Amino acid sequence: MAKMAVEICGVSFKNPIITASGTYGFGREFNEFFPLERLGGIACKAVTPEEKLGNPPPRVAETPSGMLNAVGLQNPGVKRFIREALPWLKKQNTVIIANVAGSSLEDYCQVATALEDTDVDFLELNISCPNVKKGGMQFGTSYEGVETVTKAVRSHTSKPLMVKLSPNVTDIVDIAKAAESGGADCLSLINTLLGMRIDVRTRRPILHNNVGGLSGPAVFPVALRMVWQVASHVDLPVIGIGGIAKWQDAVEMMLAGATAVQIGTANFTYPDTPLKVLAGMEEYLESQHVEDINEIIGTVKPW
Amino acid sequence: MAKMAVEICGVSFKNPIITASGTYGFGREFNEFFPLERLGGIACKAVTPEEKLGNPPPRVAETPSGMLNAVGLQNPGVKRFIREALPWLKKQNTVIIANVAGSSLEDYCQVATALEDTDVDFLELNISCPNVKKGGMQFGTSYEGVETVTKAVRSHTSKPLMVKLSPNVTDIVDIAKAAESGGADCLSLINTLLGMRIDVRTRRPILHNNVGGLSGPAVFPVALRMVWQVASHVDLPVIGIGGIAKWQDAVEMMLAGATAVQIGTANFTYPDTPLKVLAGMEEYLESQHVEDINEIIGTVKPW
Amino acid sequence: MQNVQRTVDFLVSIKAQIYLKALAKRMEVFMKYLEEQCPILSKIEIAPGIYDVTLKAPGIAALASSGQFVNVLCETFTLRRPISICGFDKEKGTLRLVFEVRGEGTKWMSQSTEGEKFSVVGPLGRGFDVKDPSQKAVFVGGGIGVPPLLEAAKAYGENATVIVGFRTASASILVDDFKKNGNHVQLATDDGSAGHHGFVTQLLQKHLDENPCDVIYACGPTPMLKAVADEAEKRGVFCKVSMEQRMACGVGACMVCVCKTLTPKGDDRYAQVCKNGPVFNAKEVVWNG
Amino acid sequence: MQNVQRTVDFLVSIKAQIYLKALAKRMEVFMKYLEEQCPILSKIEIAPGIYDVTLKAPGIAALASSGQFVNVLCETFTLRRPISICGFDKEKGTLRLVFEVRGEGTKWMSQSTEGEKFSVVGPLGRGFDVKDPSQKAVFVGGGIGVPPLLEAAKAYGENATVIVGFRTASASILVDDFKKNGNHVQLATDDGSAGHHGFVTQLLQKHLDENPCDVIYACGPTPMLKAVADEAEKRGVFCKVSMEQRMACGVGACMVCVCKTLTPKGDDRYAQVCKNGPVFNAKEVVWNG
Ligand SMILES: Cc1cc2nc3c(=O)[nH]c(=O)nc-3n(C[C@H](O)[C@H](O)[C@H](O)COP(=O)(O)OP(=O)(O)OC[C@H]3O[C@@H](n4cnc5c(N)ncnc54)[C@H](O)[C@@H]3O)c2cc1C
Ligand SMILES: Cc1cc2nc3c(=O)[nH]c(=O)nc-3n(C[C@H](O)[C@H](O)[C@H](O)COP(=O)(O)OP(=O)(O)OC[C@H]3O[C@@H](n4cnc5c(N)ncnc54)[C@H](O)[C@@H]3O)c2cc1C
Ligand SMILES: Cc1cc2nc3c(=O)[nH]c(=O)nc-3n(C[C@H](O)[C@H](O)[C@H](O)COP(=O)(O)O)c2cc1C
Ligand SMILES: Cc1cc2nc3c(=O)[nH]c(=O)nc-3n(C[C@H](O)[C@H](O)[C@H](O)COP(=O)(O)O)c2cc1C
Ligand code: FES
Ligand code: FES
């Protein structure tokens, strides 16, 4: 069987399948379906310096081949994350990626600092959450914003730093370069596309936040395009996210240049999606006589 | 039955259903399914000053609830459009929207000039086609670009001018304001989102152009969000496009502020989609005791 | 007690033991949530647009308790549909769901046929958690909020008064099932076509005026729940309500399904309906949240 | 002639007239393309993964000619699947499609059952346009490219030699159907498990060396088509080929389905496979385009 391990910034993942931030909590619930240790890694729900209540419900709406969410960063705060979630997570034998969020530069730095001496393996900078009023999007959608926040967090952490990019931008390569210039070790993309749904009967947006983040298979082609563009133009490792639901999707992402992938929404449809994707990739590699998954990364042949 | 007629820039449409540019040719083929005169209007395939060959095939790929296309503006040129397509179209008793494209400012102005003394009712400026190397996207994704090309075309036409916006931008409202400042009479949005698919067996992008434009139900939530944002912040009439396949979608667009809608990809799934959408809207209005469709435009109640 | 007895019976049954062992082995460790492919054993339209479905779901049935729900996959939809567990038979390994066609997903479910399979995730959430069925209980249900009450009311037998309300007589469901439980059933319809002409809350007030009651369980539209909760509060009766919210993961990981509740300290918080609920202590719920 | 006769017979049949009138009235004017909801009359797996389906499609069958195709909606997919018309019976109002499971859409089609309906758009494209079936014709088909040839070969009866190639014996289809047409059938398989061990082009060369031929019709993988076209060109025989391309509208409106051809003046152009084709004069096709 093909070797499935990949290494990113010195951290080794037993396979390239990571569950995406915000869709997998801190791992405990989905661990009821299959043990987390089967995963390459888990990207935890975003944490902020203090507990956050989040947006009023409804926070979710279904869309064709996708969904909108507007959680608004509800989380217990970084301290409780360290105290209550991390010790358990540590025992699960998978790479732990903490997702760092906030509404100001200081927030981000504070979370990074709090995580410095913990068992977290990786920081993922969430500068692209579209569901909070301050921070979030603003940082994520301009060269200056991305560079500034990356630089600031960089100076507060010695852990490998992944910057998660927003797709709601004109030029994703430009934004990726800003993260690189700010000192990112690696990039993950995409976060959600901003979308909306209206209830025609009540004439109200379905989401209380009016707009929310689009995820799921619907966004896959956009995510794949962005991963390909960024991987072709920036020298950092890339983690592909967005709409992955089948092994083919994960393979496409890796052919486009991703070293690993994150799976989010598809966990809601089938909780065993990560295992099915992994098994499918293994079969694919076998059928293609590839002995190490690293051999396929970035090998798409553009016309 | 509710009144379905809408008026945009002094042109009256018997109903708000228009077929979207590039999906309906110059109307002849789909006229074999039902007469064009049932439509509020038809947005014709983009025309350029001279005939264009377009991109090599494959030009289409399916995606979850959507498709990618990379036609590359294949068209017979504006002169043949006027000679061969317009006389027939004129007889079909529907509003004729010409879709103007090119790869330079001069191209756009040349097409507008050529159409000045024709039976075309409306010009739709296609500054957002992602499938041509020059022009297209560049014009469509910066404030300066949009303002410049709108202004230039404005000075070459006395016909109502609709500017069609690209969704591949950080701030759609900013782009809409650029079109307004350039002299647009009305806005249509969205054009396609840039996407990609890879054949995992051949490791080649499915599209010969590598990337292409995403359309269909998958993009609806993004389109709706953008229509709502633009309609709420810009004083021009807006035509909603993107992923409309059911009457509910069209109603959502109008609640969000669109005066009319365009239907593209859904014509491929069911050629009678425009009629079904229209019938569904009529029933909806009846059930809501609304006597004139104009009464629902922009009446979404945000939280 | 009846419930506990049944569970014990089941656990000692050899068949179940073999099943659970095989399951545990397949899943490598013992799991609380399962995803099962469940053949449809029967499907009946018990009122216009309301379907009563029995599924073969031995794993989920074995773990189920009253007031919990399952998450049903509707083909081609990204999100599963939460449906309450109306009944379960741990020995037969079956699960009973009663659902109303509301939109595209439930329509798809209604078009399935016997022999086809639903992918079901469950059992999910915190149910009614019946403590002492020798107490006097009142169950209040409105419309499609009635099915989740059936299994809990069974535990109480004739100690339970069940007050159910529907739009109209033809939309009424499960009345005979409650009677079979031994429950005292009172019926209300909005149009007076059967039972009391009016709201369940009127019947509830009347009942509470005249009878002792230790606990109230309610499920139905939010305004009804609020009215029941107010009534319980006023009279100092313990009350549990089953809440609804749009969901995604169904297990407590994604935070989309919240409802505003009070912490023990009295602070607002957004609790997850799928994990902290769907059944909440009525006093915890912030009704205008 | 046979074909023309049949069409004429049909057009005078009262039933057909009534049907077409009703149709025309419903569509307000006479339409060339139809969207019909077509019940599946029969479905047979004629080789592993290859299905032979007969549909009730009176409107489309009435208008169909050999070499045209239809566009089949596969539930939940945005794009229809183009499938060639393998046969039609204008009197019975039926349409025969033979398709191979290649991906998700054709898999969905293969899982449908008798009585269910396909939404079919057609008839589409320019077919083989048989002019004089008293001429000597050779039909060359490879794999799933064989079905579109059947109806055209019927017109030629024993004036047609049909050379068909498959991967292996068990994958061979429609051989008996061609024989029933009265055609002379030659079979080739890649693995030699039936007929000639090798390519159809080898059989074609041999046949042309020994027999007169006025026209060649071919459908199959592009390398095969190119080889047949080269052979025809070399010998100065008129040749028509049926091309494939990914499609969207299927009617000629969206310009996605192109194949490079030469204009009469010799310039390159991208012709629409769905409207200008799928059958092209082999000389027009730019094979390396
Ligand atoms: C804990 C719980 C238990 C439930 N038990 C039952 C039951 O036993 N019987 C029954 O008929 N219904 C029950 N419901 C409601 C049922 O989930 C919805 O009617 C169903 O999801 C509607 O799906 P749809 O595709 O038909 O509607 P659509 O409106 O097409 O659905 C669109 C999206 O909105 C969600 N949605 C729509 N309405 C609701 C709702 N009321 N609650 C939650 N999500 C909704 C859907 O799940 C889907 O994601 C329950 C809901 C919850 C939260
Ligand atoms: C004019 C014409 C006639 C055809 N006639 C037949 C026939 O009689 N029998 C038969 O078995 N097949 C025929 N095909 C091929 C058939 O259309 C494809 O096998 C089918 O579209 C594959 O769909 P899928 O969903 O199974 O595959 P997927 O790969 O899942 O499809 C993904 C997308 O690619 C398109 N696609 C994939 N392969 C092809 C292809 N070879 N040609 C065109 N589009 C493709 C699909 O239509 C769909 O849009 C014909 C194709 C054309 C263009
Ligand atoms: C309910 C939900 C909550 C999310 N929360 C976060 C978050 O807290 N931090 C973050 O970086 N991304 C968050 N995301 C984005 C996902 O991590 C992922 O980038 C996106 O959903 C696209 O991947 P998918 O299509 O596989 O879901 C969230 C997504 C969903 C659906
Ligand atoms: C095959 C195809 C060709 C298109 N060509 C054009 C074009 O020439 N000019 C243009 O402005 N938009 C073009 N579009 C974009 C559509 O007009 C429309 O904006 C987009 O497809 C979103 O709408 P839909 O989801 O309803 O298809 C094209 C779209 C498709 C699918
Ligand atoms: S639905 Fe995900 S937390 Fe409740
Ligand atoms: S498929 Fe649209 S032009 Fe051929």
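Let's start with the surface of chain C: its accessible area comes to about 12700 Å², and carbon and sulfur atoms hold 52% of that. Please keep in mind that this is a predicted model.

**Chain C**

- Of the 289 residues that make up chain C, 54% count as buried.
- The secondary structure of chain C consists of eight helices and 16 strands.
- Among contacts in chain C with a separation of 6 or more, 61% are between residues 24 or more positions apart.

**How the chains meet**

- Four pairs of chains are in contact, and the pair that shares the most contacts is chains A and B.
- Chains B and C are not joined by any contact, and their closest C-alpha atoms are 10 Å apart.
- Chains A and D likewise have no contact joining them, with their closest C-alpha atoms lying 10 Å apart.

**Helices α2 and α4 of chain A**

- Helix α2 (residues 105-115) and helix α4 (residues 143-154), both of chain A, have axes that come within 9 Å and cross at roughly 30°.
- Because angles under 35 degrees count as roughly parallel, α2(A) is roughly parallel to α4(A).
- The crossing in which α2(A) passes α4(A) is right-handed.
- On the α2(A) side, the contact is made by A:Leu105, A:Tyr108, A:Cys109 and A:Ala112, while α4(A) brings in A:Thr148, A:Val149, A:Ala152 and A:Val153.
- Sorted by class, this contact of α2(A) with α4(A) has seven nonpolar residues, one polar residue and no charged ones.

**Helices α5 and α6 of chain A**

- Here the axes of helix α5 (residues 172-182) and helix α6 (residues 220-233) of chain A come within 9 Å, crossing at roughly 50°.
- That angle makes α5(A) oblique to α6(A).
- For α5(A) and α6(A), too, the crossing is right-handed.
- From α5(A), the residues A:Ile172, A:Val173, A:Ala176 and A:Lys177 meet A:Met226, A:Gln229, A:Val230 and A:His233 of α6(A).
- The contact of α5(A) with α6(A) is made up of five nonpolar residues, two polar ones and one charged residue.

Key
Residues numbered from 1 in each chain as written. Chains lettered and ligands numbered in written order. Predicted model: local features only at pLDDT ≥ 70, side-chain atom pairs only at ≥ 80, totals over all residues. Heavy atoms only, no water. Axes fitted to C-alpha atoms, helices over the stretch in contact; angles between N-to-C directions. Helix = DSSP H or I, 4+ residues; strand = E, 2+ residues; numbered from the N terminus. Parallel < 35°, antiparallel > 145°, perpendicular 65-115°, else oblique. Left-handed = near helix turned anticlockwise from the far one by under 90°. Contact = heavy atoms within 4.5 Å. Nonpolar A, V, L, I, M, F, W, Y, C, P; charged D, E, K, R; others polar. Buried < 20%, exposed > 50% of the residue type's maximum accessible area, 1.4 Å probe, protein only. Areas by Shrake-Rupley, 256 points an atom, 1.4 Å probe, with all protein chains shown as cover.
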